[in-house]
Amino acid sequence: MLACGIGVLFCSRFTSIFVVRVLTANIKKGVLELKSKLLIFTLATLMAVSLLAGCPAAPPAEVELTTHRIVGLLPLTGALGTFGENSSEVAKLATADVNEWLAAEGRDWRLELIIDDCQTDPAVGLRKVQSWFGDGITMFAGPQSSGVAREVLAFANANNILFISPSSTAPALAIEGDWLYRFCPSDGLQGPAIAGAFEAAGITNVIFAWRGDTWGDGLQKATADAATGLGMTVYPELIRYDPGLEDFTVQAATLDGYVTDLLGQGVPLAEIGIAFIGFEEVAPFMTAAADYPQLRTVLWFGSDGTTHSEALVASPVASQFAADTKFINTKAKAFELAPESNYDRVKQHIMDTIGRETDAYSYNTYDIIWAPAMAIDEVGYDSVQVREILPRVADEWTAVYGAGGHLVLNEAGDRAFADYDLWVVNQELAWEHVGYFDSREKTIQWERELY
């Protein structure tokens with residue numbers, strides 16, 4: 001009891017003043033020794049005063065924590081497996097950071113992240129969203145592909161399910177008032193960036209090959225429209241392949257025939273470009289194309305779907321083909337990074353955990369975990385209320401801490417502004433950043449000029 005009482009003596013400013021006054025008064029009276037009874041009386045009095053001053057007599061009981069859940073609906077397998085793996089690791093990092101912040105702030109809740117593989121398959125994605133909704137979850141990080149996003153959109157709209165994609169870019173999904181938010185820009189911005197690479201390379205005629213889904217169709221059209229606007233000719237015969245296709249021998253032979261046709265029309269090889277719009281299937285596609293020497297002599301162009309493809313650089317034949325054709329790819333660039341941005345933290349985390357340069361959209365994933373978490377902290381786990389304040393919260397948080405840079409959402413709930421980094425597979429068969437496309441100036445700023 002005495003030890004407890006003495007500890008209480010020092011917990012208030014009022015108690016300290018009282019002690020000084022008592023001792024001073026006694027000294028002035030010439031009292032140099034305190035009798036034992038006086039000491040006990042004084043300590044008891046001080047303890048009573050301290051308690052009246054509001055000092056706790058015992059530590060408060062632990063607060064019971066509430067858990068709120070978000071599902072990371074990510075493609076750990078399938079055509080976007082590399083990207084899903086990156087985003088999965090980043091989402092885990094962001095969740096740990098959120099919970100550390102909540103603990104430091106003394107909040108009474110914690111965030112639980114559940115990673116679920118949608119397999120880059122629209123039907124699988126929809127089934128999993130329906131299942132998790134039945135379990136009470138109304139907020140999702142992902143999906144990454146526009147095909148999966150389109151498949152779950154109607155169900156999400158009907159049930160107030162908020163899902164935020166780091167990488168769905170199909171222009172057809174830029175819809176006002178829906179429940180899909182995209183922390184990436186629509187391909188209405190990426191198309192001109194790819195066409196800008198055509199122009200820089202001196203291309204006058206473009207042949208397109210792309211995966212036939214919501215994303216591929218949208219980006220092919222946006223790119224073809226931009227190329228036509230710059231005075232280029234889009235080859236009338238198009239190669240639109242089934243997203244489930246694994247062997248591309250027929251497509252490669254067809255493509256070689258198209259190049260031969262253009263040569264017969266008098267178009268020089270140096271002015272023919274091949275635009276490939278796909279995902280990890282780029283590796284078998286280029287492996288098949290490598291059987292045709294003519295296809296190795298023209299320039300190839302890709303998109304955000306193939307930038308940092310692990311499957312491509314892991315294939316000796318396909319990676320060498322990509323290097324020989326100066327296969328240049330676009331990827332949304334982090335926008336207006338503040339000094340406190342988590343960009344470097346995310347980049348280093350993937351390098352440490354997976355051992356590679358991460359894709360640009362994984363930075364968006366970090367912000368996708370934080371933005372709804374901050375909104376939940378403000379209004380609770382209510383998808384309707386979180387959706388109402390999400391644009392403001394995302395704007396405010398990313399302006400300072402955003403790993404993907406400052407995020408401003410447009411009327412459709414998509415990132416409003418973006419420039420595009422340019423990446424190639426170099427002669428060391430590794431991904432190399434060579435510059436970026438300035439969307440406002442419509443020019444390329446080169447770090448290493450390719451053409």
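**Close-up 1. Lining of the largest pocket in the predicted model.** The largest pocket is lined by 23 residues. Lys 333, Ala 334, Tyr 343, Ala 360 and Asp 421 lie nearest its centre. The volume of this pocket is about 320 Å³.

**Close-up 2. Elements around the largest pocket.** The largest share comes from α15, with 3 residues. By residue type, the lining of the largest pocket divides into 11 nonpolar, 5 polar and 7 charged.

**Close-up 3. Packing of helix α10 on helix α13.** Helix α10 covers residues 282-289, and helix α13 covers residues 316-324. The two pack at an angle of about 75°, with their axes 8 Å apart. Angles of 65 to 115 degrees count as roughly perpendicular, so α10 and α13 are roughly perpendicular to each other.

**Close-up 4. Residues in the contact of α10 with α13.** From α10 come Ala 283, Met 286, Thr 287 and Ala 289. From α13 come Val 317, Ala 318, Phe 321 and Ala 322. The residues of this contact divide into 7 nonpolar, 1 polar and no charged.

**Close-up 5. Confidence in the model and residues 1-60.** The mean pLDDT of the protein is 88. A pLDDT of 70 or more is reached by 86% of its residues. Over residues 1-60 the pLDDT is below 50. Beyond near neighbours in sequence, this stretch has 22 contacts in the model. Where pLDDT is low, the predicted coordinates should not be read in detail.

Notes: Residues numbered from 1 in each chain as written. Predicted model: local features only at pLDDT ≥ 70, side-chain atom pairs only at ≥ 80, totals over all residues. Heavy atoms only, no water. 1 Å grid on protein atoms, 1.4 Å probe; cavity = no way out; pocket = protein on both sides within 12 Å on 5 of 7 lines; lining within 4 Å. Points joined across faces, edges and corners; volume = space filled by probe spheres on them. Helix = DSSP H or I, 4+ residues; strand = E, 2+ residues; numbered from the N terminus. Nonpolar A, V, L, I, M, F, W, Y, C, P; charged D, E, K, R; others polar. pLDDT = per-residue confidence, 0-100. Contact = heavy atoms within 4.5 Å. Axes fitted to C-alpha atoms, helices over the stretch in contact; angles between N-to-C directions. Parallel < 35°, antiparallel > 145°, perpendicular 65-115°, else oblique.
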